[in-house]
Amino acid sequence: MSATVTAVSSNGEYSFTKPNRESITLLAGLGVEGDVHAGVTVKHRSRVAQDPTQPNLRQVHLIHEELLAEVGEAGFRVAPGELGENITTRGIDLLALPVGAVLRIGDDAVVEVTGLRNPCLQIDNFQEGLLKQVVGRDQAGGIVRKAGIMSVVKVGGVVRPGDGIKVELPEGPHRSLDRV
């Protein structure tokens with residue numbers, strides 16, 4: 001199965017969820033046009049409180065639709081955009097990508113993967129118990145984050161549901177994703 005975009009979402013105001021759109025426009029070095037998290041420097045409130053001058057490595061948030069199905073099997077109802085992602089995908093193992101992987105989305109847009117989303121307690125405010133579904137532990141006791149990946153925009157462009165996604169892996173030894 002080829003990788004595709006199943007939904008796109010953005011919100012100009014801080015809120016946990018983002019409404020679905022017919023399309024979003026990615027802006028090089030900034031993020032999603034009109035989205036509250038777009039910018040050269042970090043926009044997530046907790047990160048701004050730590051250091052507002054740090055670079056924004058979380059310009060575009062992607063979640064795999066397969067996660068929504070997985071939490072659905074556990075009794076949770078989560079639709080695209082409701083976990084705050086900008087792009088919902090199908091047919092790509094986002095969590096297995098290395099740092100620096102490049103995703104070519106649609107005709108023009110290009111994003112570079114920076115790391116994992118670090119889900120917070122807001123997820124339990126959205127649906128009680130959901131945080132345990134998207135953050136767990138592996139057999140060695142290490143934390144496993146499943147709430148999607150973060151990226152920066154390298155080349156801007158319009159992204160729509162149905163657009164294809166092509167993955168280009170970086171050269172050299174690959175670094176596993178960590179939270180950003």
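A residue is classed as buried when its relative accessible area is under 20%. In this predicted model, Thr 4 has a relative accessible area of 19% and is therefore buried. Thr 4 belongs to strand 1. Leaving aside residues up to four places away in sequence, the contacts of Thr 4 are Thr 88, Thr 89, Arg 90, Asp 163, Gly 164 and Ile 165.

Strand 8 is mostly covered, as 7 of its 8 residues are buried. An antiparallel arrangement links strand 8 (residues 109-116) with strand 11 (residues 149-155) through 6 bridges. Within this pairing, Leu 116 has Ile 149 of strand 11 as its bridge partner, and Gly 115 is placed opposite Met 150 in strand 11.

Strand 8 also pairs with strand 7 (residues 102-105), again in the antiparallel sense, over 4 bridges. Here Arg 104 stands opposite Val 110 of strand 8. Strand 7 and strand 8 form a hairpin with 3 residues between the strands, and in this hairpin Gly 106 adopts a positive phi near 65 degrees.

How values were computed:
Residues numbered from 1 in each chain as written. Predicted model: local features only at pLDDT ≥ 70, side-chain atom pairs only at ≥ 80, totals over all residues. Heavy atoms only, no water. Pairing = 2+ DSSP bridges. Helix = DSSP H or I, 4+ residues; strand = E, 2+ residues; numbered from the N terminus. Buried < 20%, exposed > 50% of the residue type's maximum accessible area, 1.4 Å probe, protein only. Contact = heavy atoms within 4.5 Å.
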